[in-house]
Amino acid sequence: MTDSPVLFVGLGNPGPRYAATRHNAGILVIEELLERASPASAQLSAHKRTNTELAELAAGRLLPKRRAVVARARSYMNVSGGPVKVLADYFGVAPADLYVVYDELDLDLGVVKLRAGGGDHGHNGLRSVTKALGTREYNKLAVGIGRPPGRMAPADYVLKPFGRKETEELPIVAADAADELLRAAGSV
C-alpha cells in the first residue's frame, strides 16, 4: 500500500460569478465527493502553499485503503495547471493517482467518461494541466455539458449558467461522475 494519497481535482473558475456555470461542472463533482466522506461530509479549506482549496481525508473516509485529497484550484480554468502541479508535488502524487475532473462540450449533459492519458481535446484547462505536469498520463474525467445551441460561441456557452431543466439533472450527473471516480480509484 502506497503512502501517497489519491488526488481528485475539479477544474473551474473561482468566485460566485462562475459558480453555477457549465465550466464549473468539475467543481460540482468535487462537492459530491466531499458529501460522500464519512462519517461526516468534508469541507474545503484554503491551502495557500498550493493556491487551492482542499480537504485531506484519511483512509476509510472516502477510499477504503488510501488517503484522499479532494481539491479545486483557486485560479482560473485556463491557468489551473500550475496549482495542480504544485498540489501533486506537495502530496507526492504520481500521475496514475491524479484524477482531473472537467467539463466536456463533446458529451451530452449527463454523460461521464473516464480515461487514462490522452490529449486535451481542445480543453484549455486540461492543456494547462498537461503542460504543467509535463505528461498526458494522468486520469481525466469528462463531465458532459453538451454543445452550444445555434451559433453561440463555445467560450460564451461554457460561461453561461445551466438552464432550469439542466440544473435539476445536475445532482444525478455529479453522483454518476463521483461513482466513476471512486470505482476507478478502487473503492466501489
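Which residue forms a salt bridge with Asp97? The partner is Arg66, with the closest N and O atoms 3.0 Å apart. The model is predicted, so local features need pLDDT of at least 70 and side-chain atom pairs count only at pLDDT 80 or more, while totals for chains, interfaces and linings use all residues. Residues are numbered from 1 along each chain as its sequence is written, and side-chain values use heavy atoms, with hydrogens and water left out.

**Salt bridges**

- The count of salt bridges comes to 9, a salt bridge being a side-chain nitrogen of Lys or Arg within 4 Å of a carboxyl oxygen of Asp or Glu.
- Helices (H or I, at least four residues) and strands (E, at least two) are DSSP runs, numbered from the N terminus.
- Asp97 is buried at 16% relative accessibility, and Arg66 is buried with a relative accessible area of 16%. Buried stands for under 20% relative accessible area, exposed for over 50%, and partly exposed for what lies in between (1.4 Å probe, protein chains only).
- Arg36 forms a salt bridge with Glu32, with 2.9 Å between the closest N and O atoms. The two residues are 4 residues apart in helix α1 (residues 25–36), which means a separation of about one helical turn.
- Arg36 has 26% relative accessibility and counts as partly exposed.
- A network of salt bridges links Glu32, Arg36 and Asp179.
- In helix α5 (residues 164–184), Arg183 and Glu180 are 3 residues apart, again about one helical turn. Their side chains meet in a salt bridge at 3.3 Å, N to O.
- Arg183 is partly exposed at 44% relative accessibility, and Glu180 is partly exposed at 24%.

**Strand β5**

- In β5, 7 of the 7 residues are buried, so the strand is largely enclosed by the rest of the structure.
- Both faces of β5 are covered. Leu98, Val100, Tyr102 and Glu104 are buried on one side, and Tyr99, Val101 and Asp103 are buried on the other.
- β5 pairs in the parallel sense with strand β1 (residues 6–10) over 4 bridges; two strands pair if DSSP finds at least two bridges between them. Leu98 of β5 is the bridge partner of Leu7.
- β5 and strand β7 (residues 139–144) run parallel and are joined by 6 bridges. Lys140 of β7 is the bridge partner of Val100.

**Aromatic pairs**

- A pair of aromatic rings is described by the distance of the centres and the angle of the planes.
- Rings of Phe, Tyr and Trp (its six-membered ring) pair if their centres lie within 6.5 Å; planes under 30 degrees apart count as stacked, over 60 as edge-to-face and the rest as tilted.
- The structure holds 3 aromatic pairs. One of them joins Tyr18 and Tyr76, whose ring centres are 6.0 Å apart and whose planes stand at 90°, so the pair is edge-to-face.
- Tyr18 lies in the loop between β1 and α1 and Tyr76 in the loop between β4 and α2, so this pair ties together parts that are 58 residues apart in sequence.
- Tyr18 is buried at 12% relative accessibility, whereas Tyr76 is partly exposed at 47%.
- Tyr90 and Phe91 also form an edge-to-face aromatic pair, at 4.9 Å centre to centre and 80° between the planes. Tyr90 is partly exposed, with a relative accessible area of 40%, and Phe91 is buried at 11%.

**Largest pocket**

- The largest pocket holds about 360 Å³ of space. On a 1 Å grid over the protein atoms alone, a pocket is an open set of points where a 1.4 Å probe fits, with protein on both sides within 12 Å along at least five of seven lines; lining residues have an atom within 4 Å of a point.
- The largest pocket is lined by 20 residues, and the closest to its centre are His23, Gly122, His123, Asn124 and Val158.
- β5 (98–104), α3 (124–133) and α4 (154–158) each supply at least two residues of the lining. α4 gives the most, with 3 residues.
- The lining divides into 8 nonpolar, 8 polar and 4 charged residues. Ala, Val, Leu, Ile, Met, Phe, Trp, Tyr, Cys and Pro count as nonpolar, Asp, Glu, Lys and Arg as charged, and the others, Gly among them, as polar.

Technical notes:
Points joined across faces, edges and corners; volume = space filled by probe spheres on them.
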